Every structure is written in structure tokens, then in C-alpha cells.
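Subject: Handover of a structure and its aromatic contacts

Dear colleague,

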2 protein chains.
Amino acid sequence: MLKTRTVQRTTLIQPREQPRQMSVELPLGQILDGDCVEAMRSIPSGTIDMIFADPPYNLQLGGDLDRPDGSRVDAVDDDWDKFASFATYDDFTQRWLGEARRILKPNGSIWVIGSYHNIFRVGTAMQDAGFWILNDVVWRKSNPMPNFKGTRFTNAHETLIWASMGEKAKYTFNYRAMKTLNDELQMRSDWVLPICGGQERLKKGGTKVHPTQKPEALLYRVMLATTNPGDVVLDPFFGTGTTGAVAKRLGRQWIGCEREGNYREAALERIESALPLDESALKVMQSKRSAPRVAFGALVEAGYVPAGSTVTDKKRRFSATVRADGSLVSGKESGSIHGLGASLQGAPSCNGWTFWHMEGEKGLQPLDDARQLYLLATED
Amino acid sequence: MLKTRTVQRTTLIQPREQPRQMSVELPLGQILDGDCVEAMRSIPSGTIDMIFADPPYNLQLGGDLDRPDGSRVDAVDDDWDKFASFATYDDFTQRWLGEARRILKPNGSIWVIGSYHNIFRVGTAMQDAGFWILNDVVWRKSNPMPNFKGTRFTNAHETLIWASMGEKAKYTFNYRAMKTLNDELQMRSDWVLPICGGQERLKKGGTKVHPTQKPEALLYRVMLATTNPGDVVLDPFFGTGTTGAVAKRLGRQWIGCEREGNYREAALERIESALPLDESALKVMQSKRSAPRVAFGALVEAGYVPAGSTVTDKKRRFSATVRADGSLVSGKESGSIHGLGASLQGAPSCNGWTFWHMEGEKGLQPLDDARQLYLLATED
DNA sequence: AGACTATTTGAATCCGTTA
DNA sequence: CTAACGGATTCAAATAGTC
């Protein structure tokens, strides 16, 4: 099912020249087969809005590792994570970053995720290539694998680097959406999210399809923060397609590169069944609103209350749609769960947690029930 | 008040040669004046247990470029500036890391703290110099400065890199002490600590003495985790002496390097008034690995576990008889308490001390209880 | 059904000493 | 250098099994 679409291409030949617009064909919604550097060569220059890259970490693991209970840890021992030396890894990094930089729009941005094994080398290569680091973001895992031998600190986080094309380059940052998602507080550079498991983890015959599948909530926040609906997102290390699945949910265009056939197959099947959200749910808050006390947005992000779902009051007199950033919209009015509840009732204030309900297994249940579940799952 | 003390110096000239001990003079409790690379040259090789470094990273900010030696780089061309700035910074980093590596003991370790501006370059330089990264630790600030312009994520963390001298090198890690500090859970790689303020923040005439004074709690955890009392800690970028103040409190020796006279002055005054903890308070939880070994046979010999008695696992699925030499026999199989336990379970290994139990006053008790009694009775 | 317990598992540079 | 061996070492969440 090959699909191409005409998109606007922006080039910036010389610094003072106005960006020119021209029409090019992009392989939207496709997974390009083969090495990512080769695959990216088929993409015209200056056409991609955002790149999310999850390159091999070059873990350099030694022997086997047993848990205290005697079971064996399933190590990442795939060939694609083996490099002869730091120099080999640096060369690999420079090559794919070079192509990434070529195909990004002048106002595009790039995200790369890694661990201490590789992230310092990646960050250095990004700076050397001319990228301008905007933030390093720490993914704090709520349920990391322990250090079984008691030899170091529990490796409980991974690092993401977010960078623009240069010091003076513009970039997309949906500040208001992030603030709404974070309970009216500025979104910080440390994000607490669980690792990918449970129903979300792709499995085939009881075993995981990909050893390092990333959680959709991570990509959700990345895309919501730094892209707009309709933007083209490219992932050079597509794996089982988390980037594609979230892009589809959030109304973004996507392109993947992946050389492993079984990963491509699993990714296509997965993205096929992903449900895009309503357009109204994708609009992010534009105006300032009063501060809810608890981050309803985190529940939306984590899937406790899906974006696009409908909430009502107990007597079903009012209803509203949940948007991607955790705000509600009802007709022409929008706001936080508290603000919109108060506004619709003509009341001075409203506790949105008890006012709004959603259909659950036990019938209509207040949002507060979901909050309790979330608190139980995320509390330190 | 110059003070020198004789310490043990460990050198490892050639791989197969035994470390030699010799007496050298170290400027303990002193702040060396001048550039840190020059200052470290006066320290003998292989004499320092741990280095904590908080290098400057404002070398390419704000348009004005300062060389590490304090001179100004002329602004010429944007790209050239950036390249020159990174190259200059890398050269500076390589030079001070090289000296740091020379003066560290073979089993010493190094900590470096930084932000996204410099930490990737520092981490790459550390790996290239042969250091082996043990963890990257995220200091998550509980009260960071907001991003006033709303253009990025709130920069709410800094990164620390902890590394040993090489892949095979040993290092100090007080695992039990960290676990105790963290409410009996493994200490993670993300630490939540407030920034330095209040009474702790050094001020003179209402303004802060140092722009990036680190909180003592941060150094406290670093030193408690990776040094022992009496160890020598060196800080090449001493500033206002947080490292020295905490070292004094925790009964560690310290050496600082600082070229700014007003920082040295403030640091000396501060450290003078720091109160060292009682020796008893310095003791931390020790891991069992560091406890003296006890042969099970010694317990049999001493009558703590009579020869001929029966031991079982906790669920009484396996049982064995204790023989006079401290071996166990179960049916046709026999072996050490560990070997037989592993063999019976089909496990790769087994801790016989906690696996095997014997009938005691309080019901089934692990052999480890008898070991503790034996240790108490035989210790000096 | 529901409460409780047991099992499984996740990007991991994961032991130390002696022969 | 490798091999042997004593024995130290795990957290959160999802899932499966049991009462």
C-alpha cells in the first residue's frame, strides 16, 4: 500500500535568502527498507518537520547476568547493537546525523534518546554537526530493572536530547499545551513514565518482538510538545513503530526507516490498528485558564482517560470532549475540567474530578476514580 | 596554615607488578592557588581516592567567548566561533582530565557534574581518556528556576557522571549505606535534592559569593556512596569549597584547586566553621561482602551446627544431613551447603547460608543466624 | 466474583578471591 | 591467563494461579 503525498518543501540555500516553497513527493506512512542512511538519501532536502531517533546504544555487555532468584536476564545481544569501537560508533552516528540534518526543514527539530553508554557521544556529534541543543530531557522510569548485584546505582533513567537546526533557528514548542498537560505548571526537563509493558508491549508467541520498545506515552509527549498536526515526523530507527502509531493517533504524518523485516511487519500491523483522534481533540489550549490542582493531563497521556473520549456530569445534562493536552471542549467553550464544569453550570467554582464522569465497567464513574488508579500507579 | 601529611601512595607501573606503597606528602586540607592543571601537576601520581569536578561551562554562552585561561576570544564568524569554542573547550577538558587521571589511584573514581551545555563533551572526553562510566546520575532539582520566556522545558536537572579508571578497575561503592539512606530500597540514578539556598548559600553584602554553589546534600551523597572515611578527595574547581566542607564533616581528607582569591577566602572561612561528625556517626551500613568469611565447617566444629543434624529449605521440600567436615549429603548427592543447594534446585548458584534452615527455638531458622552468633562470639 | 499469592520480566557496560 | 568456588544480590508492574 504505497502512498505518496505532495507536501510543501522549504529550503534555505543561503542564510539571508527567503525560504522557497516547492512541491515534492514524500513516502508518507511508509517504512523504508534498509540501512537508515541509505533510506534517508531518498528523502528530498529540507522536507521533514521533526526527527525522532532511537539509535543503538552500544551497550558493550559482558557475560550473562542472573537475578538473585536464579533466573537469567534477557540481554540485548542483537547484532545491530554491536560496534567494534567508539570510533566505529562515532562514524556511524555522524553519518546518520548528517543525513538527518539534510532532510530537516530549517525550522525543524530533532530528538535522540540514549543511555550513558552512547548519549555523550551522540550529544557531542550533534553539537559538532551544528545542531543547537534546546533541552536534555530525562525519562525517569517508574519501574526500572534493579541492579541485581548491588554494584552501582539502579540505572533508572534514559536521556533525550532535543535540538534545533542552529542557534538562530526557529522551532516548534507548544508551551501552552505542555503547561496544561502538567497541571498548569511549566513542563520540566524530567518526565516520569513507566517502561513499556503489559498490553502495549508487542509480543509474538509469548516473547517480545523488539527488545527495546519505547512507551507510547514518551512519544506522545515529544510530538505534542514539538510538532503540529499535519507535520511530517521521520524515525530513522523505526523498530516496531511506536513513532508511527503515536503519529497516527495525534494526526501527524510519519515516515520510518527499518532494515529488519519482522520489525517492519509488526509495525505495519500495529499502526494499522491504531485509532486516530478526533481533530477537535488535537487542538491545544490557546488561552490561559485557572489551575487545576492535580494533573488531569497526565491521566490523558497515560491513557487512563483517552483523548477524544466523552465525559458527562452524573445526570448527563452536560457533556464534553477530552483533548490531547487534558483540556475539555464543549461546543464553543473549553477549559480545564474544573473551569469548564463551573462555566457550564454558571457556578462560581466546580470540582471537575467529582463533577465529570466517564463510562466505565461499572457504569458512569467520576474522573476521581481514574485519578486514584493513576496515583496508585505513579506515586513514589 | 600549611599542613602536609604522610599518606600511602599506590602505583601500578606495569600490569603484572604488585602495587607498591611509598610515602608521599600531600597538601591535605589546602586550596592550591592557580589554574587547576598547573596545580594538579604538584600532586604525585596515583595518590588520590576520588575526584569531584564541577568544571565551568559558560565558555560559549552569551556571545562573548572566554578562553579557559580567562582571555577573551574575538568574535569573528558565527560558525567559526562555535567551532573554536567547542575545540577550545574540548582541549581544556582533555587537559584537566588527563591530570586528574594521572593523580587518581588505580582503584579511585571520578565524578563530574554539568548541564547539557558541556556534559556531552565531558562524557565523551572521559570515555576517550579511558575512564569507564559506572553511572550517570541525574540531580533533579526540586525548586529549579523557571523558563521565564516559555520557550523550552524548565531546565530542572543537572547530570553527574561517575566513572572508574577502566573497565576492569575496582572502585568503592557503599551499596548498603545507599540502600539504608533510601529507606531500604536500592538508590536510583535520579536524586531529588533542592538547589542551594537559604542559610547554606554563601553571601557577602547581600549578593551570592559564587554563581553555581552546589548543595552540600549532593556532595554528601556522592562521598558517602563512593569514598571511605580517611580517603583523599580532590576538587579541581573548588569554588567556595562545598567539597571541602562536606569532606570535613564526613571525615574525609580534601584538597582543592581554585584560582579566584575571593572564592578561596570564602571557602577557607566556611570550612573552618564546619563541624566534623563523630567517628561513630561516620560508620555506615556494611555489605555482607565485606564481612569476614566463615567456613561452614567451623560452625560444625564449634558445635553451632552439630554433625549429623538435619537441615532443610524453608518449605521443607529438600533436606540434607550435616557431615563432620561441613559437607551436606542428600540421598546420593553431596557437596558444600552452596553446591548442594544449587544442585538440588537445578539453579546456577545458591547461597547456602540463607537457603538451608535448621530447627531452632523460634522454629525454622536459616544457617545465617548461626553464622551471626559465631561471628559475635569470635570477633576480637 | 473477588481477594490474595505466586510468577514473570524489563536497553545491564552487575562478584571476589584463590589456585 | 583461565577455572573453580564461596556466596551475595532485586523493584515495580503485569499476569497467572489459588482460595
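Are A:Phe355 and A:Trp356 buried or exposed? Both A:Phe355 and A:Trp356 are buried (under 20% relative accessible area; exposed is over 50% and partly exposed lies in between, with a 1.4 Å probe and protein chains only).

This is a predicted model, in which local features need pLDDT of at least 70, side-chain atom pairs count only at pLDDT 80 or more, and totals for chains, interfaces and linings use all residues. Residues are numbered from 1 along each chain as its sequence is written, chains are lettered from A and ligands numbered from 1 in the order in which they are written, and side-chain values use heavy atoms, without hydrogens and water.

Over all chains there are 35 aromatic pairs (rings of Phe, Tyr and Trp, the last by its six-membered ring, with centres within 6.5 Å; planes under 30 degrees apart are stacked, over 60 edge-to-face, the rest tilted). One of them is edge-to-face: A:Phe355 and A:Trp356, at 4.9 Å centre to centre and 80° between the planes.

B:Tyr304 and B:Tyr374 are also edge-to-face, because their planes stand at 80°, with the centres 5.5 Å apart. B:Tyr304 is partly exposed, at a relative accessible area of 29%, whereas B:Tyr374 is buried, at 18%.

One aromatic cluster consists of A:Trp111, A:Trp162, A:Tyr171, A:Phe173, A:Tyr175, A:Trp191 and B:Phe153.

Finally, the charged end of A:Arg371 sits over the ring of A:Trp353, 4.5 Å from its centre (NZ of Lys or CZ of Arg within 6 Å of the ring centre and within 35 degrees of the ring normal). A:Arg101 lies over the face of A:Phe131, 4.8 Å from the ring centre.
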